[in-house]
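Hi,

Here is the structure I said I would pass on.

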Amino acid sequence: MALTGFLLALSTLSVSPNRPQIFKYETFTLSCEMSSVWRVKAKTVRGVSECGRDWGKLEASTCVIKEAYHWNSGEYWCESTSGERSPAANITVTDSNVALESPVFPVTEGQSVTLRCRTQSNSSDQQASIFRKNRSVVGAAITGQMTIPAVSKSDEGLYMCMIPDVGESAESWLFVRAGPGAPAAPLLSVSRLMCHVVVGVPYLLSTILLGLICRDRARDLQDGSADVTQHQSFALLSHCDLPPPDTSLCRSVYSGKSPNSGDSR
């Protein structure tokens, strides 16, 4: 288990050119560290397969795709012989004349991130570019690049760029992961919940106990009243056996009425 975790930590996927957007018919390569244990795999519209079988060509320890097509767009990763996977990279093959150069993998909060807008004809040219995030303009530069000095979670989103009179790029996600000093908000919420439970449970138990006591007392009073009424009835019935009987009392007992209740008329 320790060796597996060690290998997984060392294994990373390398993409060249190092950008998530590849021009159609462009050559790009992928490789895994410790290639004797790890292999490049992909999930595309054609399914999941390993480099060298349905796509790409293995040259030494590198997977080479000499002419990229739309169906090469997809998710790429390194996988060990025992099934462990490295973080994946999303690659988009575009037939546009413009491509956005951005980080292939998630960046950490606080890092500096540079976005570049490049053309297929001459990627070294620096041309005035407009950058958009989630379809809204976030920057423009005559050098063809925009830098975010200290990236944060609010910078995460879908980016693209445009070079006037040339074209616009496809969209690619910029993923931002929390830095090491990020607060543990979920743990604080759990602690607060436990505090409410500890404080509230005694009150709940005391309320239930008080309710049970009141119910038992009411039941005892009801049973005592029934016993008194029954004793009175037995006494009246005994009186009826004595001569001369009080007929009015006897009629009251047998009819179920109280002897003290008179006619309302």
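Glu 171 is partly exposed, as its relative accessible area is 26%. The side chain of Glu 171 forms a salt bridge with that of Arg 135, at 3.2 Å from N to O. Glu 171 sits in the loop between E17 and E18, while Arg 135 sits in the loop between E13 and E14, so this pair ties together parts of the chain that are 36 residues apart in sequence. Arg 135 itself is exposed, with 57% relative accessibility.

The loop between strand E17 (167-168) and strand E18 (172-174) also holds Ser 169. Is Ser 169 buried or exposed? It counts as buried, because its relative accessibility is 6%, and the limit for buried is under 20%. And what does Ser 169 touch, once its neighbours within four places in sequence are left aside? Its contacts are Gln 21, Ser 96, Val 98, Ala 99, Leu 100, Met 160 and Cys 161.

One joins the side chains of Glu 101 and Arg 118, with 2.1 Å from N to O. This pair links distant parts of the chain, as Glu 101 is in strand E10 and Arg 118 is in strand E12, 17 residues apart. Both ends are buried: Glu 101 has a relative accessibility of 16%, and Arg 118 has a relative accessible area of 17%. Another salt bridge runs between Lys 153 and Glu 156, whose closest N and O atoms are 3.5 Å apart. Here both partners are partly exposed, Lys 153 at 42% and Glu 156 at 25%. There is also a network: salt bridges with shared partners join Glu 101, Arg 116 and Arg 118.

Strand E12 (residues 113-119) runs antiparallel to E15 and is joined to it by four bridges.

In which order do its strands come? The order is E2-E9-E8-E4-E5; this sheet is open too, and its pairing is mixed. E2 and strand E5 (47-50) are the edge strands, each pairing on one side only. Neighbouring strands of this sheet are turned by 30° against each other on average, direction ignored. E2 and strand E9 (residues 89-94) run parallel and are joined by three bridges. Within that pair of strands, Phe 23 stands opposite Thr 94 in E9.

A few backbone details are worth a look while you have the model open. Ser 16 and Pro 17 are joined by a cis peptide bond, with omega about 0°. Pro 17 belongs to the loop between strand E1 (13-16) and strand E2 (21-23). Which phi value does Tyr 25 have? It is near 75°, which is positive in a residue other than glycine. Tyr 25 lies in the loop between E2 and strand E3 (28-32), and it is partly exposed, with a relative accessible area of 49%. Asn 134 is another residue other than glycine with a positive phi, near 50°. You will find Asn 134 in the loop between strand E13 (129-133) and strand E14 (136-141), partly exposed at 42% relative accessibility.

Last, the confidence of the prediction. The mean pLDDT of the chain is 80, and 66% of its residues reach 70 or more. Over residues 1-8 pLDDT stays under 50, and for this stretch the model has eight contacts beyond four places in sequence.

Cheers

Key:
Residues are numbered from 1 along each chain as its sequence is written. Side-chain values use heavy atoms; hydrogens and water are left out. Helices (H or I, at least four residues) and strands (E, at least two) are DSSP runs, numbered from the N terminus. Buried means under 20% relative accessible area, exposed over 50%, partly exposed in between (1.4 Å probe, protein chains only). Two strands pair if DSSP finds at least two bridges between them. Contact means heavy atoms within 4.5 Å. pLDDT is the predictor's confidence in each residue, from 0 to 100. Axes are lines fitted to C-alpha atoms, for helices over the stretch in contact, and angles run from 0 to 180 degrees between N-to-C directions. A salt bridge is a side-chain nitrogen of Lys or Arg within 4 Å of a carboxyl oxygen of Asp or Glu.
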